[in-house]
Amino acid sequence: MTFKIRIQSSGREFTAKENESVLAAALRQGVMLAYSCRNGACGTCKGKVLSGRVDYGTYETKAMSEAEREQGHALFCQAKPLSDLVIEAKEIAAARDIPIRIMPARVVKMEKLADDVMRLSLKLAEGQRLQYLAGQYIDILLSGNQRRSFSLSTSPLSDELLQLHIRHVPGGFFTGHVFTKMQEKDLLRFQGPFGMFFLREDNDRPAILIAGGTGFAPIKSILEYAFAKGATRPLHLYWGVRARRDLYLHDLSQAWAREHGNFRFTPVLSEPRPEDRWDGRRGWVHEAVAADYPDLSGYEVYASGPPPMIEALKAVVKKHGLPEDRLYYDSFEFAH
Ligand code: FES
């Protein structure tokens, strides 16, 4: 059985299979709806069901309240159609035209950037190229229908190999494999690109970019893309980690600050160790941003990191006057 889904504002139509979420069905057919966690936890995919019925699935009430649900809202990463639907949903124009593809890639280089961070460089088959927006991610496809999401850390304008920053999660099925068994020349398959986290280029507002841990990867992609395009808007990067050893591309970030007059770099350590001899910023990265920017009304904020960081940041930037539609974020659990 299939259901027909129409997006009211654009008239775009797609179909969903039985038991398929509205979001999964949309993406499968190249319709780019806004999303982030795909887990019922962040609320990014929230839209309205104007007609028809859905199974709302499981989700967290912080992502959608009872009242919102009663008003006809649904989280499309979880909601599955029970009839044909007409919906109101956030469509992303810029990403919409990029086809999502499944491609093979060869691991051509593995470099440990820190004890628990590996940089994988991937080479596509001869003549192949992946189109993506700086900040987007790919899913590595594993056996048994499993997949793991990782952001591309490279600029789509560069001819470099595709690169991922993989953090070792102890006991993790895939990341454990990367750190113990994977070898250069191994073949992988991936699907992508995915995600709504990319630089908005329809304005020149100053942007604050906030990375938590390996959330640095998509921010690096965005920055290298902006530098390559000669962007002159002020860009301020905050990188929040525990200790000095977690700033795994500190030198690169400092080099950007030397080379680009519109760029500033502020690393923030939450648990510096005595041997770090750290005299820089300490504490939580969202607090550092709040202290430096009491009025965010003229800014855009791009953040990539684990859900607790994103949640804390959302509250802080709202309090400091950032319009809700100028916070772009990639909220992810570290892939295991
Ligand atoms: Fe659906 Fe996060 S709640 S994408």
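In which strand is P193 found? In this predicted model, P193 is found in strand β13, which covers residues 187-194.

The domain assignment of the protein gives domain 1 as residues 2-91, domain 2 as residues 98-194 and domain 3 as residues 207-331. The centres of domain 2 and domain 3, taken over C-alpha atoms, are separated by 23 Å. To the contact between them, domain 2 contributes 17 residues and domain 3 contributes 16 residues. On the side of domain 2 that touches domain 3, at least two residues are supplied by each of β8 (101-114) and β12 (162-167), and the largest share, 3 residues, comes from β12. Sorted by class, this side of domain 2 comprises 9 nonpolar, 7 polar and 1 charged residues.

An open sheet of 5 strands is formed in the order β2-β1-β7-β3-β5, with mixed pairing.

A separate pairing joins strand β10 (residues 137-141) to strand β11 (residues 147-151), which run antiparallel and are linked by 5 bridges. One of the bridge pairs places Y137 with S151 of β11. The hairpin of β10 and β11 has 5 residues between the strands, and in this hairpin G144 takes a positive phi near 70°.

Another open sheet consists of 6 strands in the order β17-β16-β15-β14-β18-β19, and here the pairing is parallel. The edge positions are taken by β17 (281-282) and β19 (327-331), each pairing on one side only. Strand β14, with residues 207-212, and strand β15, with residues 235-241, pair in the parallel sense over 6 bridges, and I208 stands opposite H236 in β15. Helix α6 (residues 250-259) packs on this sheet, where α6 touches both β15 and β16 (263-269); the direction of α6 makes about 150° with that of β16.

The packing of two further helices was also examined. Helix α7, formed by residues 285-292, and helix α8, formed by residues 307-319, pack at an angle of about 20°, and their axes are 9 Å apart. Because angles under 35 degrees count as roughly parallel, α7 is roughly parallel to α8. The crossing in which α7 passes α8 is right-handed. On the α7 side the contact is made by V285, H286, V289 and A290, and on the α8 side by M309, A312, L313 and V316. By class, the contact of α7 with α8 has 7 nonpolar residues and 1 polar residue, while charged residues are absent from it.

Terms used
Residues numbered from 1 in each chain as written. Predicted model: local features only at pLDDT ≥ 70, side-chain atom pairs only at ≥ 80, totals over all residues. Pairing = 2+ DSSP bridges. Helix = DSSP H or I, 4+ residues; strand = E, 2+ residues; numbered from the N terminus. Axes fitted to C-alpha atoms, helices over the stretch in contact; angles between N-to-C directions. Parallel < 35°, antiparallel > 145°, perpendicular 65-115°, else oblique. Left-handed = near helix turned anticlockwise from the far one by under 90°. Contact = placed C-beta atoms within 7 Å. Nonpolar A, V, L, I, M, F, W, Y, C, P; charged D, E, K, R; others polar. Domains from an automatic or database assignment.
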